[in-house]
Amino acid sequence: MAERSDLELLEDLLALEHRLLSAYEAALRRAVIGPELGGALRDQEREHVRALEQALAGAGRRNPRASVPPPELGAVLRDRDAFARFALDLEDEAVAAYAQTAAAIRNPRLRQPLGSIMACEAAHGVALRNALGTGSLVD
Amino acid sequence: MKASLRPMGSSITRREALGGAAAALVLASCGGGDAPPGGGPKPGSGAALLGSLLALEHAVVAAYASCEEVLRGDALRTARAIAEQERAHVARLQGLIRDLGGDPPAGRSAEEYARTFPRLRDGDDALRFAEDLEQRQVRAYLEALTELPDLDLRTAAAQIGADEGAHLGAVRVLQGLPAAQGPFVTGAL
């Protein structure tokens, strides 16, 4: 498989961030996440989107990809636990994607900041585990 | 490793005494002055940096053992789970150093580490100490991301750094704080 360009790697992360942002916005509208936690997570994902868009602009992106809310979102907006589990899976996916990209991206100046978002997404996972109230805070 | 050490001022808060300055002492004593791993890794292979990360992990494992003495309940269970993961990081780093032809540095004795730790009077002290250590670990792994020469080594550093980010979130939650202090744990794009 051909190696992906920095632009493509950043586009993939941005798509993931849009999914997270859409999920928290929808969950807040449907009151299936506490307003304090949901608001904090939404605001931080929004900051990640903004930062990635800046990085993409710096890397020469001209035509943003359209973002589409995840199709599975409707089903998980019925109750808090279902949403928290869904969001936890999405955060875990984001952590794995950031880890891979922070290691692989060619521009070394982007590795540390991408890692700092990765660490934030890992903390989001802890917050969601805490909200679920089951099992350990660390996976 | 480029762990930044904060100088201890003439007037410090209790939090600084338990967290920043104490953790700085731990870091200063855990590997900064240690010789790079012995054996035959090539210069620039990343083995020396991995050795510094390993020395820090050894110190953090010892620090959690001290924290466990004063923690109770959920905090104790979480600290034990974190310590188990830190021990797994030790094993992973040892393996990576050996793969590069190096000789992983051994940890120091519990007594030697204990001399550099603050006195932990209760669980609050322990969690503040743990939070600062985890912050420094996250920073160390993110710095390693920019310095390690090989994709596989960087991938390992990123994965361990993600674990440390979760540990940091957990010790913050146990203190009644938000898991993530901000959108960027260190630095920004």
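The structure is a predicted model, in which local features need pLDDT of at least 70 and side-chain atom pairs count only at pLDDT 80 or more, while totals for chains, interfaces and linings use all residues. Residues are numbered from 1 along each chain as its sequence is written, chains are lettered from A and ligands numbered from 1 in the order in which they are written, and side-chain values use heavy atoms, with hydrogens and water left out. Chain A contains five helices and zero strands, and chain B and chain A bury about 2,500 Å² between them. Over all chains, the whole structure holds 16 salt bridges.

**Chain A**

- Read along the sequence, the pattern of chain A is α-α-α-α-α; helices (H or I, at least four residues) and strands (E, at least two) are DSSP runs, numbered from the N terminus.
- The C-alpha trace of chain A spans about 40 × 30 × 30 Å along its principal axes.
- Of the 139 residues of chain A, 52% count as buried; buried means under 20% relative accessible area, exposed over 50%, and partly exposed in between (1.4 Å probe, protein chains only).
- Among contacts (heavy atoms within 4.5 Å) in chain A between residues at least 6 apart in sequence, 74% join residues at least 24 apart.

**Interface of chain B and chain A**

- The size of an interface is often given as the accessible area lost when the parts come together.
- Of the area buried between chain B and chain A, 74% is on carbon and sulfur atoms; buried area is the accessible area (1.4 Å probe) that two parts lose on being put together, summed over both.
- The elements that give two or more residues to the side of chain B that touches chain A are α4 (73–99), α6 (123–147) and α7 (151–174) of chain B.
- The largest share of that side of chain B, 14 residues, comes from α7(B).
- By class, the side of chain B that touches chain A has 19 nonpolar, 13 polar and two charged residues; Ala, Val, Leu, Ile, Met, Phe, Trp, Tyr, Cys and Pro count as nonpolar, Asp, Glu, Lys and Arg as charged, and the others, Gly among them, as polar.
- The contact takes 34 residues from chain B and 34 residues from chain A.
- Five residue pairs are in polar contact across this interface, both residues being at pLDDT 80 or more; a polar contact is a pair of N or O atoms within 3.5 Å, where within protein one must be able to donate a hydrogen and the other to accept it, and residues adjacent in sequence count only if both atoms are side-chain atoms.
- Between chain B and chain A the count of salt bridges is zero; a salt bridge is a side-chain nitrogen of Lys or Arg within 4 Å of a carboxyl oxygen of Asp or Glu.

**Two residues of chain B**

- His167(B) lies in helix α7 of chain B and is buried, with a relative accessible area of 0%.
- The side chain of His167(B) makes a polar contact with the side chain of Glu86(B) at 3.0 Å.
- Leaving aside neighbours within four places in sequence, His167(B) is in contact with Val138(A), Ile82(B), Gln85(B), Glu86(B), His89(B) and Glu134(B).
- Ser45(B) lies in the loop between β1 (38–39) and α3 (47–68) of chain B and counts as buried at 15% relative accessibility.
- The side chain of Ser45(B) reaches the backbone oxygen of Lys42(B) at 3.0 Å.

**Salt bridges within the chains**

- The side chains of Arg19(A) and Glu93(A) meet in a salt bridge (3.4 Å, N to O).
- Arg19(A) lies in helix α1 (residues 6–29) and Glu93(A) in helix α4 (residues 80–104) of chain A, so the pair ties together parts that are 74 residues apart in sequence.
- Arg129(A) forms a salt bridge with Asp92(A), the closest N and O atoms being 3.7 Å apart.
- Arg129(A) is buried, with a relative accessible area of 12%, whereas Asp92(A) counts as partly exposed at 34%.
- Asp132(B) and Arg136(B) join in a salt bridge (2.6 Å, N to O), and both residues are buried.
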